[in-house]
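The tour below goes from one selection to the next.

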Amino acid sequence: KRGVSCWFWMILLCAGVWGCGVGQGEISEVEGEAREVLLALLEDRNVDAPLAAEAALMLGKLSELDVVPALVAALAHPEELVVVHAARALGNLGGDRAIAALDSLFQHAESTTLKIETAVILDKLGQAGKRTWLLETLETAPLGIFRSTAAAALGQVGDLSAIPALRRAFHQDGEEIVRSSTALALARLNDRESLPAVANRLQE
């Protein structure tokens, strides 16, 4: 594990010379080595979760669709941190296979937090069908942290139809964390009717 990690950081250091007159062939070689190291980090279940998660995110920034299978496989990783970062990477890459894998993740995930994260990623890929579920989570989830996260997600996706539900939660939810998240979501959605009350809440 240590050898793979060292190579990872060495390759990143080499990448810093890309803008310093290095030939295209050398750049491609470094990119290829970086991709292989990142894939090794992601696929090795003995690698610490934070490092594997960072590898997933960086793979998503390579804009190379040949890394999609590895990222899809990482959605089954036992550590949720890795799964979330792999999902975000697939969201960056897009494409039918990524969307299908993310939709499957949403359908089968037991973690409400992971489902919310996946719903937002899918929405950014043009799959807005999970907004109804986000609204239901805001209104019915038993834990305040889930309602709060759903409120933030509705603000992120820009769902103006969620404003009435967000207003209700802002005024009626008994948990401070939920009221704060709904305030931020309403501000993000530029709900002018709620702005004075939201401003007061954010200044408290």
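Helices (H or I, at least four residues) and strands (E, at least two) are DSSP runs, numbered from the N terminus. This is a predicted model, in which local features need pLDDT of at least 70 and side-chain atom pairs count only at pLDDT 80 or more, while totals for chains, interfaces and linings use all residues. Residues are numbered from 1 along each chain as its sequence is written, and side-chain values use heavy atoms, with hydrogens and water left out.

Select Thr 182 in helix α11 (residues 176-188). Thr 182 counts as buried because its relative accessibility is 0%; buried means under 20% relative accessible area, exposed over 50% and partly exposed in between (1.4 Å probe, protein chains only). Beyond four places away in sequence, Thr 182 touches Leu 138, Ala 151, Leu 166, Ala 169 and Phe 170, where contact means heavy atoms within 4.5 Å.

Next, select Leu 166. Its contacts, again leaving out residues up to four places away, include Leu 138, Ala 151, Leu 154 and Thr 182.

Now show the largest nonpolar core, which has 60 residues. Such a core is a set of buried Ala, Val, Leu, Ile, Met, Phe, Trp, Tyr and Cys residues joined through side-chain atoms within 4.5 Å. Leu 42, Leu 71, Leu 75, Leu 138 and Leu 166 have the most contacts inside it. Helix α5 (residues 80-93) gives the largest share of this core, eight residues.

Last, go to Gly 60 in helix α3 (residues 49-60). Gly 60 touches Ala 89, Asn 92 and Leu 93, not counting residues up to four places away in sequence. Gly 60 and Leu 93 are 33 residues apart in sequence and 6.0 Å apart in space, C-alpha to C-alpha.
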